[in-house]
Amino acid sequence: MTGRALAGAALLVLAALTPSAACAEYGDVLLNRYSDQGGVRPVVFPHWFHRIRFRCKVCHDQLGFEMRAGANDVRMSDIIEGRFCGMCHNNDIAWGAERCDLCHSGRPGLKSGVYGGHQTTGPGRW
Amino acid sequence: MRTTSLTTKLLSLAALGVMAGPLQAQEGRQVYEQKCAVCHAAGLAGAPRPGNAADWGPRLRAGKASLYRNAIQGTMRGMPPKGGNPDLPEAAVRAAVDFMTATVAAASKPAARPEVARKPAAQTAPAASTAPVRQAVPPAAAPVAAPAIAAPEAAAVAAPAPVQVASASLALARPEPGSGAAAANAFNRLLRPPGKRNLPPAEDGIHDPAVDGTLQLQPPLAAFGAMPRSNAGNRVDWVKALAEGKIAPRWERDKADAAAVVMDLNIVREVKGSMPDVVYPHKQHTEWLDCSNCHPAIFVPQKGANQMSMAAILLGQGCGACHGRVAFPVSECRLCHSKKKDGVAAGSAAPQAEAHR
């Protein structure tokens, strides 16, 4: 009985220490401002994958992405009309908006923000 | 007097309990059908199927409380918090768990042993297939494999590393409830063990392994293989990877060959106390960034004009706007604190920048 209680307590502690997102790749950003409401899975944006192909300034200067998680008001209609992700995901520079679940591949219910063992807290403050 | 009030309380409690029973069962079925059945009905990605003793037996041995908690908080192996319904009251989640386990609870004890063996048998087959649906395996084959398999599985719990070794199917291996204490005393409590670095999307905790798209994404290690490694962040030395031509990120969205506009200007920030001074290199930054990414929103472009401190950086200000989020994290002290007080460069950043003058 106590053994089980102890093991349970140990598991509790473990669960508290290992939030399920702790293993995400460094720099992955989750976008979930509208996705859950819209009945789709949230969007995972992998920085590592894109920075192999583009310098930061392409997105954060040329294309106008604010460098702050959650600061960009991205709607699906924007993307289809060629703004935000749609400036590349347009079947010209990269595959287009019809491949929904490559972007909408996040776990439902997760909050927007940067994941993956980041060490600074909260949203960027500047 | 006392006793009577106590008994009435007990009685009313009991009555409540009796009433709550069927009500909860009804709610549980409803919640299950609306929120949980998508995955649990077919056992998608290893979700235990309702009323299936083989699926629930070992889990029930961990106790109902553990099941409730995992259903509410989610698990790394694919159960999203509250099944992906953040607004669902916790009581409703518990009711759904009760519904799914109702017919199993009694039968769980005897079914538990051979259960251990069923999983590995199932694991080998679907490893390469794209559909994460778990295969049912005839229980007849089970008892033979049991002792051999149980051991590595327990080991996987003690040292979290092996979880990553194989693909999604291995991730279905569940910790044996008894080994919770061993897991709690794993060698590294806070340091992310090697097996949990650069996990493929299906196992990284933020991708939903039940989506086809997740399985089509590139696993980070497939890309990082040829790149110089580092000790933190993506565990890739991005500065070196770029300098050595291992990657060729575009400077313009639609031009493959536009050259970067790089400025080589080091700013030394003297640090009070014993830490080496900070050398801020414009070169490595302007390889990636435009002046307007930092000036003037993050830094006024004037030496010494900006207040900086580690506390502020850890809060995401100044250098912390990028370092600790996308660029290498704050743990790499020596990359920033690279200039010894006597003027000799201690880390790699300063000499590298100077060499390019």
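User: How many helices and strands does chain B have?

Analyst: Chain B has 15 helices and 2 strands. Helices (H or I, at least four residues) and strands (E, at least two) are DSSP runs, numbered from the N terminus. Note that this is a predicted model: local features need pLDDT of at least 70, side-chain atom pairs count only at pLDDT 80 or more, and totals for chains, interfaces and linings use all residues. Residues are numbered from 1 along each chain as its sequence is written, chains are lettered from A and ligands numbered from 1 in the order in which they are written, and side-chain values use heavy atoms, leaving out hydrogens and water.

User: What percentage of the residues of chain B count as buried?

Analyst: Start with the term. Buried means under 20% relative accessible area, exposed means over 50%, and partly exposed lies in between (1.4 Å probe, protein chains only). Of the 357 residues of chain B, 38% are buried.

User: How do I read a pair of aromatic rings?

Analyst: Use the distance of the centres and the angle of the planes. Rings of Phe, Tyr and Trp (its six-membered ring) pair if their centres lie within 6.5 Å; planes under 30 degrees apart are stacked, over 60 edge-to-face, and the rest tilted. Over all chains, the count is 6 aromatic pairs. Take Trp48(A) and Phe49(A): their ring centres are 5.6 Å apart and their planes stand at 85 degrees, so this pair is edge-to-face. Trp48(A) is buried, at 4% relative accessible area. Phe49(A) is partly exposed, at 25%.

User: Which kind of pair do Phe65(A) and Phe84(A) form?

Analyst: A tilted one, with 5.4 Å from centre to centre and 55 degrees between the planes. Phe65(A) lies in the loop between helix H3 (56–62) and helix H4 (76–80) of chain A, and Phe84(A) in the loop between H4 and helix H5 (100–103) of chain A, so the pair ties together parts 19 residues apart in sequence. Both Phe65(A) and Phe84(A) are buried.

User: Which residues do ring pairs link into a cluster?

Analyst: Trp48(A), Phe49(A), Phe224(B), Trp238(B) and Trp288(B).

User: Where does the charged end of Arg51(A) sit?

Analyst: Here is the rule. A charge sits over a ring if NZ of Lys or CZ of Arg is within 6 Å of the ring centre and within 35 degrees of the ring normal. The charged end of Arg51(A) is over the ring of Trp288(B), 4.2 Å from its centre. Arg75(A) lies over the face of Tyr34(A), 3.6 Å from the ring centre.

User: Which residues touch the most other members of the largest nonpolar core?

Analyst: A nonpolar core is a set of buried Ala, Val, Leu, Ile, Met, Phe, Trp, Tyr and Cys residues joined through side-chain atoms within 4.5 Å. The largest has 17 residues, and Val31(B), Cys36(B), Trp56(B), Val93(B) and Val97(B) touch the most other members. Helix H1 (2–40), helix H2 (53–61), helix H3 (64–73) and helix H4 (90–101) of chain B each give two or more residues to this core. H4(B) supplies its largest share, 5 residues. A second, separate core of 15 residues includes Ala223(B), Trp238(B), Ala241(B) and Cys322(B).

User: Where does Pro48(B) lie?

Analyst: Pro48(B) is in the loop between H1 and H2 of chain B. Pro48(B) is buried, at 6% relative accessibility. Contact means heavy atoms within 4.5 Å. Leaving aside neighbours within four places in sequence, Pro48(B) is in contact with His40(B), Asp55(B), Trp56(B) and Arg59(B).
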